[in-house]
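Visitor: I'm new to this structure. Could you take a close look at one single part of it with me, and then show me what else is in the chain?

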Amino acid sequence: MKIVVLAKEVPDTYGQRTLNLETGLAERDSSDKVMDEVSERALEVAISYAAEHPGTEVVLLGAGPESAAVTLRKGLAAGADSAVHVLDAGLLGADTVLTAQVLAAAVARGHYDLVIAGNSSTDGGAGVVHAMIAEILELPQLTNLNSVAITDAEVSGERAIDGGTVQASASLPAVISVTEQLPDLRFANFKGIMAAKKKPLETLTLEELAVEPNDPEAARSIMIAAGERPARSSGTVIIDEGDAGEQLAAFLVQNRLA
Ligand SMILES: Cc1cc2nc3c(=O)[nH]c(=O)nc-3n(C[C@H](O)[C@H](O)[C@H](O)COP(=O)(O)OP(=O)(O)OC[C@H]3O[C@@H](n4cnc5c(N)ncnc54)[C@H](O)[C@@H]3O)c2cc1C
């Protein structure tokens, strides 16, 4: 079994995250860079399976700037066997379609049985990249899995829906996305950290993947405006001096909330 885990590098959610208002790009240097929290859980699914099934190969795949290699090494220290880093200046400003095309090309090159992604990254949060990859590669997809079971021939799991749960399965090869209901990524131990230094980390360019970022025929979206979230105002405080009900009703009417 050959599993590829899509691992995106994102700004740490605990740090200050800022947008460059001129370019509309995230200021990648404004906070620590870490592996997307849901990608980490996707990696844990793969490593846990590999621990129980000798002969399983777990490959990490990330498209991102130079710093993403450090994040991939951390994933190698946790237990992945090798990593592929797509690094190319043509990815600056990449929209979700280009990101998916690039990742799909790298997945096709690796001939994997199973692709595991997070359901929605902690920065972009589009929640579509894995679905686009499944579409491009014409693979079945299970989304938003809260549990995962893998056999030699299929992958299955439970996904929450409004008012219930659904058990779904797909034959391999397939793409799945997992939610934050799944366990956290294990901590890398000293042995893992040392081993990670020698594990293969391949770097690929868009040319090597035969993806043309500026293809005029391809579907591409562009950022037309970016704005900071307005600072929160202190709000209205209603003090009850016998007329709180009236004040509240007036507030609701004034703000068209009633
Ligand atoms: C017009 C436009 C311009 C943009 N320009 C930029 C830009 O300049 N710089 C920038 O950083 N972002 C930019 N973005 C956002 C960028 O497209 C997204 O960060 C990226 O496509 C992934 O989207 P997401 O994180 O929302 O994916 P989601 O679909 O929410 O991700 C789900 C899962 O897919 C996997 N995944 C997603 N992206 C990657 C990746 N790169 N490598 C490995 N696994 C991945 C992970 O497992 C992740 O948990 C732009 C978006 C648009 C629409």
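Guide: Let's begin with threonine 203, which is partly exposed at a relative accessible area of 42%. Buried means under 20% relative accessible area, exposed means over 50%, and partly exposed is in between (1.4 Å probe, protein chains only). Please keep in mind that this is a predicted model, where local features need pLDDT of at least 70 and side-chain atom pairs count only at pLDDT 80 or more, while totals for chains, interfaces and linings use all residues. Residues are numbered from 1 along each chain as its sequence is written, and side-chain values use heavy atoms, with hydrogens and water left out.

Threonine 203 belongs to strand β11, residues 201-204. Helices (H or I, at least four residues) and strands (E, at least two) are DSSP runs, numbered from the N terminus. Not counting residues up to four places away in sequence, threonine 203 touches His85, Leu87 and Glu208; contact means heavy atoms within 4.5 Å. From threonine 203 to alanine 51 there are 152 residues in sequence and 26 Å in space, C-alpha to C-alpha.

Now for the whole chain. The protein chain has 6 helices and 11 strands, and its C-alpha trace spans about 75 × 45 × 45 Å along its principal axes. Of its 258 residues, 36% are buried. Among contacts with a separation of 6 or more, 69% join residues 24 or more positions apart.

Inside, the largest nonpolar core has 33 residues, and Leu43, Ile116 and Val155 have the most contacts within it. Such a core is a set of buried Ala, Val, Leu, Ile, Met, Phe, Trp, Tyr and Cys residues joined through side-chain atoms within 4.5 Å. Helix α1 supplies the largest share of this core, 6 residues. Isoleucine 116 touches, among others, Ile3, Val5, Ala42, Val45 and Ile176, not counting residues up to four places away in sequence. A second, separate core of 25 residues includes Val84, Ala105, Val115 and Ala134.

There is also a ligand, with 31 residues surrounding it; the closest are Lys8, Leu25, Asp36, Gly93 and Ser121. A residue counts as near a molecule if one of its heavy atoms lies within 4 Å of it. This shell divides into 13 nonpolar, 13 polar and 5 charged residues. Here Ala, Val, Leu, Ile, Met, Phe, Trp, Tyr, Cys and Pro are nonpolar, Asp, Glu, Lys and Arg are charged, and the others, Gly among them, are polar. An N or O atom in the side chain of threonine 99 is 2.8 Å from an oxygen atom of the ligand, and a backbone N or O atom of glycine 127 is 2.7 Å from a ligand oxygen. The protein covers 87% of the 940 Å² of accessible area that the ligand has on its own.

Let's finish at serine 121, in the loop between β6 and α4. Its side chain makes a polar contact with the side chain of aspartate 123 at 3.1 Å. A polar contact is a pair of N or O atoms within 3.5 Å; within protein, one must be able to donate a hydrogen and the other to accept it, and residues adjacent in sequence count only if both atoms are side-chain atoms. The serine 121 side chain also reaches the backbone nitrogen of glycine 124 at 3.2 Å.

Definitions and conventions:
Accessible areas come from the Shrake-Rupley method with a 1.4 Å probe; for residues, only the protein chains shown count as cover.
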